[in-house]
Amino acid sequence: MLSAAPNTPAEYWDTYKPHRCEGPQPRPAADRFNWTGLDDEGPGAELLGSPASALDLGPAEGENAAFLARAGVEVTAVDFSAVQVDRARAFWADEAHLTFVHADACAFLDDDPREYEAIYSTWGAVWFTDPEELFPRVAARLMSGGVFGFSHREPVTGQYGAQRMGGTWLEGRETDLTVLRWQYGPGQWADILKRHGFAAVHTEVLPNPDRAALGTLLVTAKA
């Protein structure tokens, strides 16, 4: 049964995943770092280098954050959905190196003075936040030489910039609830990152095993 229709973007993410499961959800395995969201053998945490500290922007269930924490990385994971954060905290209460924070990504980066050796987002906040607002804040919190990595769905040709999401709870509600995602092609992301002071930018599209489906766009850069 679907939950009540959300009235804000944060409430949309409160309801986005939980409605898909009935009863208690199993804890994710967190046995590998996954950029694509698919069960594949693609790249993993090695793209982040060997950080002692990491910031996860939009962790959802938190399996990537948990994977790093189990390897001894001090991970802070920030999500602006209260429901997502509560669920993730319940899943990973036994992980000593992992802290979940309920906050907007930009507000957290403004308020928290810490710096991190890696900042990443897997189909998370980078996809759903204006890079002109987010990237300067990421650059200010990333240690010199640190890695910024993110992934999102490969964009449809011509559908670049801020794109209005559709689907459950959103169709026909353009005047009272809008959820946007920012998506660009590899070269466009590289240009935006360089403009905000990032270097060593690498972009690639990881194909979906289902040839009829879009792949994953993966980007890494350094401070």
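Good morning. Keep in mind that the model is predicted.

Start with the whole chain. It has 6 helices and 9 strands. There are 223 residues, and 48% of them count as buried. The accessible surface comes to about 10,600 Å². Carbon and sulfur atoms own 51% of that surface. Now look at contacts with a separation of 6 or more. Of these, 66% join residues 24 or more positions apart.

Next, the inside. The largest nonpolar core holds 28 residues. Which residues have the most contacts inside it? They are Leu-134, Phe-135, Phe-148 and Trp-189. The largest share, 4 residues, comes from α4. There is also a second, separate core, with 24 residues. Among them are Leu-68, Val-73, Leu-98 and Ala-118.

Stay with Phe-135 for a moment. Set aside its neighbours within four places in sequence. Phe-135 then touches Val-126, Phe-148, Phe-150, Trp-189, Ile-192, Leu-193, His-196 and Phe-198.

Three of those contacts, Trp-189, Ile-192 and Leu-193, take us to α6. The buried residues of this helix are Trp-189, Ala-190, Ile-192 and Leu-193. Why do they sit on the same side of α6? Because they cover an arc of only 165 degrees around the axis. The cover over these buried residues includes α5, β5, β7 (180-183), β8 (199-206) and β9. Now turn to the face pointing away from the buried side. Here you find the exposed residues Asp-191, Lys-194 and Arg-195. After α6 comes Gly-197, with a positive phi near 95 degrees.

Last stop: Asn-34. You will find it in the loop between α1 (9-16) and β1. Is Asn-34 buried or exposed? It counts as buried, because its relative accessibility is 17%, and the cut-off for buried is under 20%. The side chain of Asn-34 reaches the backbone nitrogen of Thr-36 at 2.8 Å. Beyond its neighbours within four places in sequence, Asn-34 is in contact with Asp-40, Asn-64 and Thr-122.

So much for the tour. Thank you.

Conventions
Residues numbered from 1 in each chain as written. Predicted model: local features only at pLDDT ≥ 70, side-chain atom pairs only at ≥ 80, totals over all residues. Heavy atoms only, no water. Core = buried A, V, L, I, M, F, W, Y, C linked by side-chain atoms within 4.5 Å. Buried < 20%, exposed > 50% of the residue type's maximum accessible area, 1.4 Å probe, protein only. Helix = DSSP H or I, 4+ residues; strand = E, 2+ residues; numbered from the N terminus. Contact = heavy atoms within 4.5 Å. Polar contact = N/O pair within 3.5 Å; in protein donor to acceptor, adjacent residues only side chain to side chain. Arc of directions from axis to C-beta. Areas by Shrake-Rupley, 256 points an atom, 1.4 Å probe, with all protein chains shown as cover.
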